[in-house]
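Morning, everyone. I'd like to walk you through the pockets of one model. Have a look first.

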Amino acid sequence: YAAKTSGNEAVVYAPAIDKSSQESLSLLTELRRAAEENQFRLYVQPKVRLGTGQVIGVEALVRWVHPERGMVFPDQFIPFAEKTGFIRILTQWMLERSAALCSELAAGGIRLRISANLSTRDLLDQDLPMKFMAILDRHSLHPSSFCLEITESAIMDDPVRAQQTLERLHAIGVDLSIDDFGTGYSSLAYLKRLPVHELKIDKSFVLKMESDVDDTKIVRSTIDLGHNMGLKVVAEGIETVAAWELLEKMGCDEGQGYFISRPMPADQLRAWLHAWQPPHFLAEQASLQAG
Ligand code: C2E
Ligand code: MG
Ligand code: MG
Ligand code: MG
């Protein structure tokens with residue numbers, strides 16, 4: 001066992017703990033290097049209006065292209081980045097890159113709204129609203145070009161401070177969304193007080209909808225709940241045309257998923273938008289309605 005001194009106390013570390021803290025240390029070092037060496041990539045996934053197929057925005061999703069390990073997905077490093085506080089650097093980078101993309105697109109006549117993800121630590125960062133305003137300024141963007149997504153569980157970690165940050169972001173004029181709705185433990189009484197505009201149904205329910213009637217019921221009631229609270233309702237995880245049709249029938253406003261597009265590198269978005277065609281059933285519905 002190795003002994004280390006911290007303050008006046010001699011602390012004894014078991015080898016297993018020592019090993020994992022060393023691994024953590026090296027992951028943090030790697031993340032810092034990744035930021036310095038531009039290993040993070042901005043990926044985007046289109047978000048469409050379910051009634052028309054019109055693309056109204058994209059969700060910004062981070063990818064880490066590691067020199068040896070290749071593509072690393074956010075689930076493998078976001079929780080760690082969150083724990084160590086590195087997430088603030090990452091969030092800053094994502095907001096900056098998303099803002100750059102949004103203003104590039106606008107310059108080419110394409111108006112799309114960016115949805116970016118925040119985590120618990122971001123909500124506890126008192127300076128976040130100010131930093132975000134500075135980014136908008138730098139790219140001459142209106143706050144309404146952004147929607148910020150916060151998971152239910154991030155809000156419930158520290159509801160009081162989360163609410164303060166959300167109020168301030170709302171005051172700036174940015175729209176707010178509750179991500180992964182249905183998977184956390186939020187109280188509806190609490191949600192009612194938050195200045196949010198949108199509710200995103202977690203993909204776990206949407207993915208199982210076609211095979212499990214209970215999931216269909218959950219999705220249907222979430223859509224109604226959101227609408228009754230005056231919120232826009234978005235579904236993630238639309239993998240089939242059948243899921244799209246069902247969600248549209250249930251009145252869900254917007255959606256994203258592999259059926260529409262997988263997340264892609266930001267520089268492929270223009271070509272994708274050019275090639276995008278809404279599914280056939282929407283055109284049929286429209287012509288039926290027209291008589
Ligand atoms: P999320 O915000 O709920 O993002 C949606 C996730 O669902 C994305 O996973 C997306 O690729 C995936 N997805 C979308 N449509 C489908 C589908 O039809 N089928 C399936 N199976 N999956 C679909 P991704 O990109 O791996 O991100 C995972 C999570 O990591 C995100 O969940 C978000 O919580 C977090 N994350 C990603 N980028 C960032 C970021 O820049 N900052 C923060 N704080 N978190 C991020
Ligand atoms: Mg999200
Ligand atoms: Mg989600
Ligand atoms: Mg998720």
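Start with the second largest pocket: about 210 Å³ of space lies in it. Of its 14 lining residues, the closest to the centre are Leu42, Arg97, Pro265, Ala266 and Asp267. Helix H3 (87-107) gives the largest share of that lining, five residues. Strand S3 (40-49) and helix H12 (269-275) each supply at least two. By class, the lining has nine nonpolar, no polar and five charged residues.

This is a predicted model, where local features need pLDDT of at least 70 and side-chain atom pairs count only at pLDDT 80 or more, while totals for chains, interfaces and linings use all residues. Residues are numbered from 1 along each chain as written, chains are lettered from A and ligands numbered from 1 in written order, and side-chain values use heavy atoms, without hydrogens or water.

Some terms. A pocket is an open set of points on a 1 Å grid over the protein atoms alone, where a 1.4 Å probe fits, with protein on both sides within 12 Å along at least five of seven lines; lining residues have an atom within 4 Å of a point. Volume is the space filled by probe spheres set on the points. Helices (H or I, at least four residues) and strands (E, at least two) are DSSP runs, numbered from the N terminus. Ala, Val, Leu, Ile, Met, Phe, Trp, Tyr, Cys and Pro count as nonpolar, Asp, Glu, Lys and Arg as charged, the others, including Gly, as polar.

Now the largest pocket. It holds about 1,200 Å³ of space. Among its 42 lining residues, Glu59, Leu61, Pro74, Asp75 and Asn117 are closest to the centre. Strand S4 (residues 55-66) gives the most, five residues.
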